[in-house]
Amino acid sequence: MSLELDHLFILTDNPKEAGDLLVSMGLNESFSRDHKGQGTSNRRFEFSNGMLEILYVRDSEESNTGPAKNLRFPERVKNENASPFGIVLTRTNDSKLGMPFSGWKYQPDYFEPPNAFHVGDNSEVLEEPLCIYVPFVGPVSRKEEIGRFKSISNVQVSVPLAAISDTLRTLKTADRLQVELGSEHIITVTLDSGSSALSRDFRPDLPLIINW
């Protein structure tokens, strides 16, 4: 199965500060939404071929007891060693309709059944990003638009582990996505093919570097 990046999220306990930093850079903020049953809300920054999502826990009890409890969002927020990232994938063709990695079905309250996410079984490994596949979305026509902050050209995810799971290794095959071993949880997003040769490091507020 050929995979590609649909969107990524960064889990934070400071959504206002984090989102405002991205706004100050000039990124286009779209609408926000509450995730019923998941106990989270977001701030969305959209591009022609993907999205960067700032995700935060709105209701810990709802998150811990609802259908998303195995995602362990409140625990990920509190644990400084946990990965704050989630990578969401779709397929680029219909040649194989199975699941790209082993995992479990997550039926959110905000989707009508049978539409559900497939979550990688590495969700128990807090030090790894959540790996999520969207099986009910077929191949999407995506293109890199020309202009400032228009397109996501590449996403590089760093994981501070000695080795990664088979699930996370599968993500290395996805279009516009790289996974590497590093010294800290950090995600580097390259916009517009890095044509301006500029960069901004959002640490310590966000584990994020944006090149454009």
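Predicted model: local features only at pLDDT ≥ 70, side-chain atom pairs only at ≥ 80, totals over all residues.
Q: Within what arc do the buried residues of α1 fall, seen down its axis?
A: Helix α1 covers residues 15-25, and its buried residues are Pro 15, Ala 18, Gly 19, Leu 22 and Met 25. They line one face of the helix, because the view down the axis of α1 puts them within an arc of 115 degrees.

Q: Which strands are included in what covers the buried residues of α1?
A: The buried residues in question are Pro 15, Ala 18, Gly 19, Leu 22 and Met 25. Their cover includes the strands β3, β4, β12 (199-201) and β13 (208-211).

Q: Is strand β4 largely enclosed or largely open?
A: Strand β4 spans residues 50-57, eight residues in total. Six of the eight are buried, so β4 is largely enclosed by the rest of the structure.

Q: Which residue of β4 stands opposite Arg 44?
A: Strand β3 (residues 40-47) pairs with β4 in the antiparallel sense over eight bridges. A hairpin of two residues joins β3 to β4. Across from Arg 44, the residue in β4 is Glu 53.

Q: Which residue of β4 stands opposite Leu 11?
A: Strand β1 (residues 3-11) runs parallel to β4, and five bridges join them. Opposite Leu 11, the residue in β4 is Leu 55.

Methods:
Residues numbered from 1 in each chain as written. Heavy atoms only, no water. Buried < 20%, exposed > 50% of the residue type's maximum accessible area, 1.4 Å probe, protein only. Helix = DSSP H or I, 4+ residues; strand = E, 2+ residues; numbered from the N terminus. Pairing = 2+ DSSP bridges. Arc of directions from axis to C-beta. Contact = heavy atoms within 4.5 Å.
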